Amino acid sequence: MKSNKNYEPISPEVENIAKSFVDSAFRVHKTLGPGLLESVYETCLEHELNSRKIPVERQKPIPIIYNEIKLETDLRVDLIVNSLVLVELKAVEKMN
């Protein structure tokens, strides 16, 4: 059965950034374990990515445009990795 979805394949650059991010996240989690605040994981992920020479921005506001109107609130993204991958972190004590 053919899919009707029109999508572009993920570029090798985005794929490599995503893989590096996932590897970094596993390293941070393995080192720190579960149960800490998201801000702690965020800071450690920033450090881990910087140590890999991957540019990262934290808590970057992104304007919300709805029906061609800029709303008075922004989306605050936890991490933007190499200006290509948006990351919203969630920390939980255990998975349901």
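Two strands count as paired when DSSP finds at least two bridges between them. Helices (H or I, at least four residues) and strands (E, at least two) are DSSP runs, numbered from the N terminus.

The structure is a predicted model, in which local features need pLDDT of at least 70 and side-chain atom pairs count only at pLDDT 80 or more, while totals for chains, interfaces and linings use all residues. Residues are numbered from 1 along each chain as its sequence is written, and side-chain values use heavy atoms, with hydrogens and water left out.

**View A. The open sheet has 3 strands in the order β1-β2-β3**. The pairing in this sheet is antiparallel. Strands β1 and β3 (85-87) stand at the edges with a single partner strand each, so one side of each is left without a neighbour in the sheet. From one strand to the next, the twist averages 55 degrees; such angles run from 0 to 180 degrees between N-to-C directions, and the axes are lines fitted to C-alpha atoms, for helices over the stretch in contact. In general, strands of a sheet pair through backbone hydrogen bonds, either parallel or antiparallel.

**View B. Strands β1 and β2 pair over 9 bridges**. Strand β2 covers residues 69-81, and its pairing with β1 is antiparallel. Ile 62 has Leu 75 of β2 as its bridge partner, and Pro 63 stands opposite Asp 74 in β2.

**View C. Asn 67 and Lys 53 each take a positive phi**. The hairpin of β1 and β2 has 2 residues between the strands, and within this hairpin the phi of Asn 67 is near 50 degrees. Asn 67 is exposed, at 59% relative accessibility. Here buried means under 20% relative accessible area, exposed means over 50%, and partly exposed lies in between (1.4 Å probe, protein chains only). Lys 53, placed in the loop between α2 and β1, has a phi near 65 degrees, a positive value in a residue other than glycine. The relative accessible area of Lys 53 is 72%, and this residue is exposed.

**View D. Arg 52 and Asp 23 meet in a salt bridge**. A salt bridge is a side-chain nitrogen of Lys or Arg within 4 Å of a carboxyl oxygen of Asp or Glu, and by this rule the count comes to 8 salt bridges. The N to O distance between Arg 52 and Asp 23 is 2.6 Å. Arg 52 lies in the loop between α2 (38-51) and β1 (56-66), and Asp 23 lies in helix α1 (residues 12-32), so the pair ties together parts that are 29 residues apart in sequence. Arg 52 is partly exposed at 27% relative accessible area, and Asp 23 is partly exposed at 37%.

**View E. Arg 27 forms a salt bridge with Glu 48**. The closest N and O atoms of these residues are 3.6 Å apart. The bridge links distant parts of the chain, with Arg 27 in helix α1 and Glu 48 in helix α2, 21 residues apart. Arg 27 is partly exposed, with a relative accessible area of 46%, whereas Glu 48 is buried at 13%.

**View F. Asp 74 and Lys 70 meet in a salt bridge**. The distance is 3.5 Å from N to O. Asp 74 is partly exposed at 37% relative accessible area, and Lys 70 is partly exposed at 49%. Salt bridges that share partners join Asp 23, Arg 27, Glu 48 and Arg 52 into one network.

**View G. Ser 24 is buried in helix α1**. The relative accessibility of Ser 24 is 0%. Setting aside residues up to four places away in sequence, Ser 24 touches Leu 45, Glu 48, Leu 49 and Arg 52. Contact means heavy atoms within 4.5 Å.

**View H. Leu 32, Leu 36, Leu 37 and Val 40 make a nonpolar surface patch**. The area of the patch is about 320 Å². Patches are made of residues with over 30% relative accessible area and no salt bridge; like charges are joined within 9 Å, and nonpolar side chains (Val, Leu, Ile, Met, Phe, Trp, Tyr) within 5 Å. Accessible areas come from the Shrake-Rupley method with a 1.4 Å probe, and for residues only the protein chains shown count as cover. Val 40 is found in helix α2 and is partly exposed, with a relative accessible area of 33%. The C-alpha atoms of Val 40 and Glu 57 are separated by 15 Å, and these residues are 17 residues apart along the chain.
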